[in-house]
Amino acid sequence: MAEPKRVERPLSPFMIGPYYRPQMTSISSILTRITGHALVAGVLLGVWWLLAAATSEAYFETANAVATSWFGDLVFTGSLWAVWYHYLAGLRHLYFDAGHGLDIPTAEKLGWACIVGSVVLTVITILLVQ
């Protein structure tokens, strides 16, 4: 029997670098999971702020100082972006569930639309709220 010719390739698709180029479909899937989990940070900060407001004035001053600091602004802005991204990715998923946009070029365009759309909607929301 002839020996099979060995193909030199990575053994795992997760070997990012010269072997594996991340695709938009995998990046958008990972971002959906990350934003879903990251929303917890904004919720925790908001709940802490509300609980502090209901507890005492001194406790509220501490929570309010954190919530209105650069750190609080970063958490709430990140959470706002995560809400918009998660929302758009959910709409994209519903579109896929209907059997549309399943070809790779359309899926990649929709992935980019989720990223760009979430950034644009975040900026619009910040401008409207301020």
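Visitor: Which residues in H1 meet H2?

Guide: In this predicted model, Leu 45, Trp 48, Trp 49, Ala 52, Ala 53 and Thr 55 of H1 are in contact with Tyr 59, Phe 60, Thr 62, Ala 63, Asn 64, Val 66 and Ala 67 of H2. By type, the residues of that contact comprise 10 nonpolar, three polar and no charged.

Visitor: And at what angle do H1 and H2 pack?

Guide: The angle between H1 and H2 (residues 57–67) is about 155°, and their axes lie 7 Å apart. Angles over 145 degrees count as roughly antiparallel, and H1 and H2 are therefore roughly antiparallel to each other. The crossing in which H1 passes H2 is left-handed.

Visitor: Switching to H4, which of its residues are buried?

Guide: Those are Ala 107, Gly 111, Cys 114, Ile 115, Gly 117, Ser 118 and Thr 122, and they pack against helix H1 (24–55) and helix H3 (70–97).

Visitor: What span should H4 have, going by its residues?

Guide: With 26 residues (104–129) at 1.5 Å a residue, H4 should span 38 Å, and because its end C-alpha atoms are 37 Å apart, the two values agree.

Visitor: What about H3, which residues are buried there?

Guide: Gly 72, Val 75, Ser 79, Ala 82, Tyr 85, Leu 88, Ala 89, Arg 92 and Phe 96 are buried in H3, and their cover includes H1, H2 and H4. H3 has 28 residues and reaches 40 Å from its first C-alpha to its last, close to the 40 Å expected.

Visitor: And what comes just after H3?

Guide: Gly 99 is found there, with a positive phi of about 90°.

Key
Residues are numbered from 1 along each chain as its sequence is written. This is a predicted model: local features need pLDDT of at least 70, side-chain atom pairs count only at pLDDT 80 or more; totals for chains, interfaces and linings use all residues. Side-chain values use heavy atoms; hydrogens and water are left out. Helices (H or I, at least four residues) and strands (E, at least two) are DSSP runs, numbered from the N terminus. The expected span of a helix is 1.5 Å times one less than its number of residues. Buried means under 20% relative accessible area, exposed over 50%, partly exposed in between (1.4 Å probe, protein chains only). Contact means heavy atoms within 4.5 Å. Axes are lines fitted to C-alpha atoms, for helices over the stretch in contact, and angles run from 0 to 180 degrees between N-to-C directions. Angles under 35 degrees count as roughly parallel, over 145 as roughly antiparallel, 65 to 115 as roughly perpendicular and the rest as oblique. A crossing is left-handed if the near helix is turned anticlockwise from the far one by less than a right angle, and right-handed if clockwise. Ala, Val, Leu, Ile, Met, Phe, Trp, Tyr, Cys and Pro count as nonpolar, Asp, Glu, Lys and Arg as charged, and the others, Gly among them, as polar.
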